[in-house]
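Welcome! Let us take a friendly walk through a protein structure, one piece at a time. Keep the picture beside you as you read.

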Amino acid sequence: MARKNTVKKKSPQKIENSTSKTKIRVVGVGGGGASIISEISSTLAKVDFVAANTDKRSIKSLPKKVRGFAFGEKLTGGFGTGMDYEIGKNAAIEEKDRIQKIFQGQDVCILVSSLGGGTGSGAVPIFAKEAKEAGCIVYGIFTLPFEFEGNRKMEIAKNALEETKSHLNAITVLPNENIFKIIDKDAPLKEALSMINNNLSESLRGLIEAIYSPGLINIDFADFKTVLNGRGKLAYLNTVVIDSQKGIDDVIKEVTNNPFYPYGIKGASGVLLNITGSKNIGLKDVSQVSKNIFELVKKNATIIFGITHEEKHGDKIKVMILAVGCESEDKPPKQEKKKPLIKKREVKVEKKVKKKKRPKAKKEEKKPQESKVDVKVRRTALDVKKVTEDAEKEILEEEKKWETPAFLRRKDNS
Ligand SMILES: Nc1nc2c(ncn2[C@@H]2O[C@H](COP(=O)(O)OP(=O)(O)OP(=O)(O)O)[C@@H](O)[C@H]2O)c(=O)[nH]1
Ligand SMILES: [Mg+2]
């Protein structure tokens, strides 16, 4: 894909239209999801917020701008799942039709959930599937439970991620545990959660503002779509407000090093970058920032940037980055690296068989099936070695025969 870092020629009127028409719905699933979206709901006028939960009581305490969506009442009586993700899942399956209506007519759906409990982990895969089927661009933002909550919760959360991934264009995963990189382990839990929620909601706010605010260079829905094109790609989303006097290097460092993330923007294939500030942000600054970003992401990545002027930021600039297709910190399993080694031998042997071009009669004498190394069946290195050696022996035998004059061979065979 070509790099896209040129100024777009759009009239302000056109920009207004293209952005204001974009319908974004942010859906929080479960208790944590609802808390996170509640934090941003008051300041983002154009976006629709829905908090879905099996716990009816929690829906009653939502802020004005967040619409409550109770589901699964038949199964839960409206009292939540009691941390049973199967109940959460079945509750959502039972109400698929109602869930699909949440997404109909929307361009973008952002699903937010704190995984590890019953409602979010069970229902999120179903919500994601319905959103995808309704034709939305679906972006999932999820938190993982704290380590002190135990392995079981983490397992539930990870399974939910696996089940959800294929229905999403992009996925952001933040372990709650990472909050301890910046606060003390003795800090009250409420404070810790609120810091995570706040960080996440600020990042999300930056993204939504970037899509909606008409800028000098504008990021719009089409750009968002371009960057989020694909399935289950790992996404890094961060928004920071920093002193405009700071050097470019500091800006890059700060925006690409969010301590909550277990991964960075390395390897990303698409990036949206928006800078908001007073009129003195120059194209030079932006191009410098984007140049630096280029060095961190994939060589042929698409980088789309925008500049929005807002006097209210004074001496500060706000930088938002959404990088999609990031490399996971988890290294690929080692077995994958070993496979080609075995195949190499297999290829080598087969090549040898093929190398000798012989008359047709020769082909009949050979038993090619026997000389093949069946990697699938013979799994251990010793097995493979033995079969390979046997095959090589057989080839040598064959080659010896071919060194014998044809008439003698015919004699041999008779
Ligand atoms: N970041 C963050 N994580 C939260 C918050 N609330 C809960 N969590 C985490 O999310 C996990 C699931 O909790 P909930 O969101 O309350 O669970 P639920 O999806 O409502 O499911 P049930 O209540 O079991 O039906 C917890 O184990 C916590 O790790 C929150 O406000 N912010
Ligand atoms: Mg709950």
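## The chain as a whole

Before looking at any details, keep in mind that this is a predicted model. The chain contains 17 helices and ten strands. It has 414 residues, and 41% of them count as buried.

How much of the contact in the chain joins residues at least 24 apart? Take the contacts between residues at least 6 apart in sequence: 77% of these join residues at least 24 apart.

## The ten-stranded sheet

The ten strands build an open sheet with mixed pairing, and their order is β3-β2-β1-β4-β5-β6-β7-β10-β8-β9. At the edges you will find β3 (66-70) and β9 (302-309), each of which pairs on one side only. On average, neighbouring strands of the sheet are turned by 20° against each other, with direction ignored.

Strands in a sheet pair through backbone hydrogen bonds, and the pairing is either parallel or antiparallel.

## Strand β8 and its two partners

Now zoom in on strand β8, which covers residues 270-277. With β9 it pairs in the parallel sense, over eight bridges. Two places to look for in this pairing are Gly270, which stands opposite Thr302 in β9, and Leu272, which stands opposite Ile304 in β9.

The other partner to visit is β10 (residues 316-324), where seven bridges join the strands and the two run antiparallel. Leu272 turns up here too, with Leu322 as its bridge partner in β10.

Is β8 buried or exposed? Eight of its eight residues are buried, so β8 is largely enclosed by the rest of the structure. In a regular strand, side chains alternate between the two faces of the sheet. For β8, one side holds Gly270, Leu272, Asn274 and Thr276, while the other holds Val271, Leu273, Ile275 and Gly277. These residues are all buried, and both faces of the strand are covered.

## Helix α6, between sheet and helix

Helix α6 packs on the sheet, where it touches β1 (24-29), β2 (48-53), β3 and β4 (108-114). The direction of α6 makes about 140° with that of β1.

Helix α6 (residues 96-103) also packs with helix α7 (residues 119-133), at an angle of about 55° and with the axes 8 Å apart. That angle makes α6 oblique to α7. The crossing of α6 past α7 is right-handed. On the α6 side, the contact is made by Lys96, Ile99, Gln100 and Phe103, and on the α7 side by Ile126, Phe127, Glu130, Ala131 and Glu133. Sorted by class, this contact of α6 with α7 has five nonpolar, one polar and three charged residues.

## Helices α11 and α12

By class, the contact of α11 with α12 has six nonpolar, three polar and one charged residues.

Which residues does Asn292 contact, leaving aside its neighbours within four places in sequence? They are Ile248 and Ile252. Asn292 and Ile252 are 40 residues apart in sequence, and their C-alpha atoms are 7.2 Å apart in space. Asn292, a residue of helix α12, is partly exposed, with 16 other C-beta atoms within 10 Å. Why does this count as partly exposed? A residue needs 20 or more such atoms to be buried and 12 or fewer to be exposed, so Asn292, with 16, falls in between.

Our last stop is Met83, in the loop between α4 (73-76) and α5 (85-94). Its phi angle is near 65°, a positive value in a residue other than glycine. Met83 is partly exposed, with 16 other C-beta atoms within 10 Å.

Conventions
Residues are numbered from 1 along each chain as its sequence is written. Chains are lettered from A and ligands numbered from 1 in the order in which they are written. This is a predicted model: local features need pLDDT of at least 70, side-chain atom pairs count only at pLDDT 80 or more; totals for chains, interfaces and linings use all residues. Axes are lines fitted to C-alpha atoms, for helices over the stretch in contact, and angles run from 0 to 180 degrees between N-to-C directions. Helices (H or I, at least four residues) and strands (E, at least two) are DSSP runs, numbered from the N terminus. Angles under 35 degrees count as roughly parallel, over 145 as roughly antiparallel, 65 to 115 as roughly perpendicular and the rest as oblique. A crossing is left-handed if the near helix is turned anticlockwise from the far one by less than a right angle, and right-handed if clockwise. Two residues are in contact if their C-beta atoms, placed from the backbone, lie within 7 Å. Ala, Val, Leu, Ile, Met, Phe, Trp, Tyr, Cys and Pro count as nonpolar, Asp, Glu, Lys and Arg as charged, and the others, Gly among them, as polar. Two strands pair if DSSP finds at least two bridges between them.
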